[in-house]
Amino acid sequence: MRVGIPAESRPAERRVAGLPETVASLIGAGLAVEVQSGAGAHAHASDAAYRSAGAEIVPDHPAGRADVVTSVQPLDPDRARLLRAGDITVSFLQPAAELDLVRVLADRGVTAFSLDLLPRVTRAQSADALSSQALVAGYRAVLLAAGRLPRFLPMFTTAAGTVPPAKVLVLGAGVAGLQAIATARRLGAVVEAYDVRRAAAEEVRSLGAKFLELDLETQDGVYAAEQSETHLERQRELIAERVAASDVVISTAAVPGRKAPVLVTTDMLKAMAPGSVVVDLAAESGGNVVGSAPGEDVWVGDVLVHGARNLPSGMPAHASRLYAKNVANLLALMTADGRVEPDLTDEVLSGACLTHAGEVRHAPTRELL
């Protein structure tokens, strides 16, 4: 069976779904691999490197020729119409935003796996691309903020006097938030953070940051659940003072499959010191910050709000390295004796499977359709 790795065609996407080292592992599992010429250019993986790993370099997209197509962004509907019944795709694919594509995949009889739907269970951790890319996003968010902030992050003591460290507030302490905390701390900032989950407090403190204890009900579990508007309003009241006292705010709060909760209002932004910077990592899912727009810098008074857009793509070498390994690990779960034959009774594969044999298996997407 042939696995195809295309060059990404969506705007500003610089990652690639396979690198020479993961190509070698797929070939070792008995699969043939073809790579579209130039697919790894942004990640500094040359056609020659793929060829040395055993891949065939092809001039065009592998859809309609490869049995399995792995990509970062989902295929566009026109490309998906080239797929054959029984072909397999693996990519990030947010069904609610890609309903036309889902229809095409189902109509064509394609077995489509979405890494956005991967169950958060121990067996799936090695394929958890959301977490691996969130790590990159959290790191990049701090660098973006540091580059826009008209102040130092660390403290400096000089003959001209002492420059105090910047104060950074991180809202949401999942993978992205924890990496933002760690990066800001490495750069010398004073960091505090908040998360609605009780378990997050220990993780925040372990990184040397202060955890904000608010007079609010906390949640158990690994992932945040959707909160009521009453709860969110009280939360905003309690964190307003800490937002105003911060030089940098990085918001990372998200609820899978839901619009991001609003944590920072316009009035809160206006209370911040002139020159302060806010980076909204949830801008693409509705935004934690009122007025943020994906990929744009927006001024609210004298405060700069940056709406993050696909931050992992801005670091394509390591982001691709992590993502390619996630994809290879997922394929390993469904490959035996050189055949990719997913067992949809497996909870990991079943949970990540969006369409199969003409059926939309993901119930919320089926209802939307």
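Residues are numbered from 1 along each chain as its sequence is written, and side-chain values use heavy atoms, with hydrogens and water left out. Because the model is predicted, local features need pLDDT of at least 70 and side-chain atom pairs count only at pLDDT 80 or more, whereas totals for chains, interfaces and linings use all residues.

Two packed helices are described by the angle between their axes and the distance between the axes. Helix α5 (residues 129–148) packs against helix α6 (residues 175–186) at an angle of about 35°, and the two axes lie 7 Å apart. Here helices (H or I, at least four residues) and strands (E, at least two) are DSSP runs, numbered from the N terminus; axes are lines fitted to C-alpha atoms, for helices over the stretch in contact, and angles run from 0 to 180 degrees between N-to-C directions. The crossing of α5 over α6 is right-handed, the near helix being turned clockwise from the far one by less than a right angle. On the α5 side, the contact (heavy atoms within 4.5 Å) is made by Ser 131, Ala 134, Leu 135, Gly 138, Tyr 139 and Val 142. Helix α6 contributes Val 175, Ala 176, Gln 179, Ala 180, Thr 183 and Ala 184. These residues comprise 8 nonpolar, 4 polar and no charged; Ala, Val, Leu, Ile, Met, Phe, Trp, Tyr, Cys and Pro count as nonpolar, Asp, Glu, Lys and Arg as charged, and the others, Gly among them, as polar.

A search of the whole structure identified 4 cavities of 30 Å³ or more. A cavity is a set of points on a 1 Å grid over the protein atoms alone where a 1.4 Å probe fits but cannot get out, and lining residues have an atom within 4 Å of a point. The largest cavity has a volume of about 110 Å³, a volume being the space filled by probe spheres set on the points. Its lining includes Pro 6, Glu 8, Arg 10, His 61, Gln 73 and Asp 76, and by class the whole lining has 4 nonpolar, 4 polar and 4 charged residues. Gln 73 is located in the loop between β4 (68–70) and α3 (77–80). Beyond residues up to four places away in sequence, Gln 73 touches Glu 8, Arg 10, Glu 13, Arg 15, Ser 91, Phe 92 and Asn 310.

Ser 320, in helix α10 (residues 316–333), is buried, with a relative accessible area of 0%; buried means under 20%, exposed over 50% and partly exposed in between (1.4 Å probe, protein chains only). Neighbours within four places in sequence aside, Ser 320 contacts Arg 15, Val 16, Leu 19 and Ala 43. His 231, in helix α8 (residues 229–244), is likewise buried, at 14%. In helix α4 (residues 99–107), the buried residues are Leu 99, Leu 101, Val 102, Val 104, Leu 105 and Ala 106. Their cover includes α3, β6 (111–114), β18, β19 and α12 (363–368).

Most residues other than glycine have a negative phi. A positive phi, near 60°, is found at His 44, in the loop between β2 (32–36) and α2 (47–53); His 44 is exposed, with a relative accessible area of 72%. Ala 357 has a positive phi near 50° and lies in the loop between β18 (353–356) and β19 (359–360). With a relative accessibility of 61%, Ala 357 also counts as exposed.

Notes: On a 1 Å grid over the protein atoms alone, a cavity is a set of points where a 1.4 Å probe fits but cannot get out, and a pocket is an open set with protein on both sides within 12 Å along at least five of seven lines; lining residues have an atom within 4 Å of a point.
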